[in-house]
Amino acid sequence: MFVPRFQFSYAMISLWNIFLVFMKIGAFTIGGGYAMIPIIKDELEKRHWIDEDELPDIIALAQSAPGILAVNVSIFTGYKIRGVKGSIAATIGSVLPSFLIILAIAMAFSNFQDNPLVIRIFKGIRPVVVSLIAAPMISMARKSNSTWWAWLISGLSLVAVAFLRISPIYIIMVLIVLAVTFTMMKERKAEKLS
C-alpha cells in the first residue's frame, strides 16, 4: 500500500524543482494519461524521488481516485515528496503546459477554423486520436479481463454505451448491485456449507 514517507532528503527537494520536473513531463507527453507513466517513471526514478516498487501503488491510487490519471499521479507523487505543497506544485506543473497550449490554440483557432487546410488537418488527426485512445484501452482490457465473464461484461458494456446510448453511470450502478448481490449469495452459500 502507498504510504507517504517524509525523509530528510525529501525536505531538501524544492517546490520549484518539483514544479519544473512535472512541467517538463506535462509539456513533452503527447496523449496524457497512460502515455505519461513511462516518462513519470523515468524522471522520478532518475532523481531517486520514488522507488521502482512505489510507482504501481501510486498508479493504483490514481486510477481509483476520480479525475484525470496524469493529474492524480502528480498529486500523489507530489504529496509523497513534499506533502500538500509538493502535491500542489506537481499538479500545477503537470497541468500548466496543456492549459497554455490549449489556450493558445483556442485563441488562434477562431481565426482559422473555416480554413479548408485546417479542416483537412483535423479530419486527418481524428483516426490518430481514436487509436491513441483505443490502444491503452485494449491493453487494459487484456490485463483486467482474465475470465470469460469479465470479457462478456466488457463487451456488453461497450455495446450498451456505443450502440444503445445507455449512460455508463447506469451500467456501473447495475454492475455494483449485481456484484454485491452475487457476493452476498456466495457468502450465504459458504455459511450454509460450513
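Begin by selecting Lys-80, which has its place in helix H5, the helix formed by residues 69–112. Keep in mind throughout the tour that this is a predicted model. Is Lys-80 buried or exposed? With a relative accessible area of 0%, Lys-80 is buried. If you now show the side chain of Lys-80, you will find that one of its polar atoms lies 3.0 Å from the backbone oxygen of Trp-49.

Select Trp-49 next and look at its ring. Over the face of Trp-49 lies Arg-47, at 5.9 Å from the ring centre. Between these two in the numbering comes His-48, which lies in the loop between helix H3 (37–46) and helix H4 (55–64). His-48 is a residue other than glycine, yet its phi is positive, near 60 degrees. Most residues other than glycine have a negative phi. His-48 also counts as exposed, because its relative accessibility is 67% and the cut-off for exposed is over 50%.

Return to helix H5 and select Thr-91, which has its place there. At 18% relative accessibility, Thr-91 counts as buried, since buried means under 20%. Which residues does Thr-91 touch, leaving aside those up to four places away in sequence? They are Val-71, Ser-74 and Ile-75.

Now select Gly-93 together with Asn-17, and compare their places in the sequence with their places in space. These two residues are 76 residues apart in sequence, while their C-alpha atoms are 9.8 Å apart in space. Asn-17 has its place in helix H2, and at 33% relative accessibility Asn-17 counts as partly exposed.

Stay in helix H2, which runs over residues 15–27, and select Trp-16 and Phe-19, which are 3 residues apart and so separated by about one helical turn. An α-helix has 3.6 residues a turn, so residues three or four places apart point the same way. How many aromatic pairs are counted in this model? The count comes to 1 aromatic pair. The rings of Trp-16 and Phe-19 have centres 5.4 Å apart and planes at 25 degrees, so this pair is stacked. The two partners can also be coloured by their exposure: Trp-16 is exposed, with a relative accessible area of 57%, whereas Phe-19 counts as buried at 13% relative accessibility.

Move on to helix H7, residues 148–162, and draw a line between the C-alpha atoms at its two ends. Within H7, select Ala-150, Ser-157 and Ala-160, which are buried. When you look down the axis of H7, its buried residues fall within an arc of 95 degrees, so they line one face of the helix. What covers these buried residues includes helix H8 (168–193).

For the last stop, select Arg-165, which has its place in the loop between H7 and H8. Arg-165 is exposed, with a relative accessible area of 69%. What is the phi of Arg-165? Its phi is near 60 degrees, a positive value in a residue other than glycine.

Notes: Residues numbered from 1 in each chain as written. Predicted model: local features only at pLDDT ≥ 70, side-chain atom pairs only at ≥ 80, totals over all residues. Heavy atoms only, no water. Helix = DSSP H or I, 4+ residues; strand = E, 2+ residues; numbered from the N terminus. Buried < 20%, exposed > 50% of the residue type's maximum accessible area, 1.4 Å probe, protein only. Polar contact = N/O pair within 3.5 Å; in protein donor to acceptor, adjacent residues only side chain to side chain. Arc of directions from axis to C-beta. Contact = heavy atoms within 4.5 Å. Phe/Tyr/Trp six-rings, centres within 6.5 Å; stacked < 30°, edge-to-face > 60°. Lys NZ or Arg CZ within 6 Å of the ring centre and 35° of its normal.
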